[in-house]
Amino acid sequence: MIKPVLQDDAFLEDVSRAKNDPDHLHLWWLGQSGFLIQWQGHHLLIDPYLSDSLTRKYAGTKKPHVRMIERVIDPERLDFVEVVTSSHNHTDHLDGETLMPLWRANPNLTVILSRANVSFATERLQVDPERLTPIRADGEAIRFDPFVFHAIPSAHESLEQDENGDHRFIGFIIQVGKWTIYHSGDAIPYDGLVERLKKWKLDIALLPINGRDTARGVPGNFTAEEAAQIGKQINAGTVIPCHYEMFEFNTVSPEKFVRAAEQIGQKYHLLECGERMDYLNF
Ligand SMILES: [Zn+2]
């Protein structure tokens, strides 16, 4: 199994050391689509998957979820998180075994997800609906200082809406400090995606690169090439690829993304799991 570059105590020490540096935005990749973002002592988690729930759920089935990388950190030890986002209901993006212990560690935790997914999430997370913060992909902004959240539809692999028109798969646009970050969740290109994104000056785009293999029942994401191209089309300051090296059946070499990004001149940062990236605030 791959070992994260920072794990357990070493990871927590890095997070706490970074707090003494208020001039940078700090971002750690936690594996799959999970990121920790720190700005001036405030902490946001995006799509954390910090358990073995899928490996256990699919053990002995035709779709075993064999983990490729060890867990970065026990969610129960992340007792400084104020807000979490979830892009959709799949367990690697809305994991009860991550979010319930996280909630115990942070009783006032705010969990932001699509309004379409509130009732599903109340079951999975065993909370009352009023503990969840719904967002709509219609231009609505949710402010949770120092973060501001906007949602836009994602296609995984199609755009799906509930009876109220709320999207089941969303991406987040997150403003913090001077930065604007796009996290697509699980997503493939669709007509109008680039136009929506181009309305923003996106500094950092966090994009899946594992592609799709519909015939084998592997749900769809950007291929490595598509992720690089989307970054270029939306003028992203940098692309950080994700959603690889978590499960053996559903991964890709990040080198594929690197080649594609270099070929078209798209800036990128390849992060290792548990690794920190710093962005200076000028
Ligand atoms: Zn996923």
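Colleague: Why is tyrosine 268 called partly exposed?
Modeller: This is a predicted model, so the value is computed from predicted coordinates. Tyrosine 268 has 22% relative accessibility. Buried means under 20%, and exposed means over 50%. The value lies in between, so tyrosine 268 counts as partly exposed.

Colleague: What makes phenylalanine 257 buried?
Modeller: Its relative accessibility is 0%. The cut-off is under 20%, so phenylalanine 257 counts as buried.

Colleague: How do you know that phenylalanine 149 and phenylalanine 172 form an aromatic pair, and why is it called edge-to-face?
Modeller: Their ring centres are 6.3 Å apart. The limit is within 6.5 Å, so they pair. The planes stand at 85 degrees. Over 60 counts as edge-to-face, so that is the name.

Colleague: Which parts does this pair tie together?
Modeller: Phenylalanine 149 lies in strand 8 and phenylalanine 172 in strand 9, so the pair ties together parts 23 residues apart in sequence. Phenylalanine 149 is buried at 0% relative accessibility. Phenylalanine 172 is buried too, also with 0%.

Colleague: What makes phenylalanine 257 and tyrosine 268 an edge-to-face pair?
Modeller: The centres lie 5.9 Å apart, with 85 degrees between the planes. Phenylalanine 257 sits in helix 7, and tyrosine 268 in the loop between helix 7 and strand 13, so the pair ties together parts eleven residues apart in sequence.

Colleague: Which residues coordinate the zinc ion?
Modeller: Asp92, His93, Asp186 and His243 do, at 2.1 to 2.3 Å. A donor must lie within 2.8 Å of the metal, so these distances qualify.

Colleague: Why is the arrangement around the zinc ion called irregular?
Modeller: The four donor atoms subtend angles of 88 to 158 degrees.

Colleague: What makes strand 7 and strand 12 edge strands?
Modeller: The open sheet runs in the order 7-8-9-10-11-12. Strand 7 and strand 12 each have a single partner strand, so one side of each is left without a neighbour in the sheet.

Colleague: How do you know that strand 9 pairs with strand 10?
Modeller: Five bridges join them. Pairing needs at least two, so strand 9 and strand 10 pair. They run antiparallel.

Technical notes
Residues numbered from 1 in each chain as written. Predicted model: local features only at pLDDT ≥ 70, side-chain atom pairs only at ≥ 80, totals over all residues. Heavy atoms only, no water. Donors = N, O, S within 2.8 Å, 3.2 Å for Na, K, Ca; no water. Tetrahedral: all angles 85-135°; square planar, octahedral: opposite > 155°, others 65-115°. Helix = DSSP H or I, 4+ residues; strand = E, 2+ residues; numbered from the N terminus. Phe/Tyr/Trp six-rings, centres within 6.5 Å; stacked < 30°, edge-to-face > 60°. Buried < 20%, exposed > 50% of the residue type's maximum accessible area, 1.4 Å probe, protein only.
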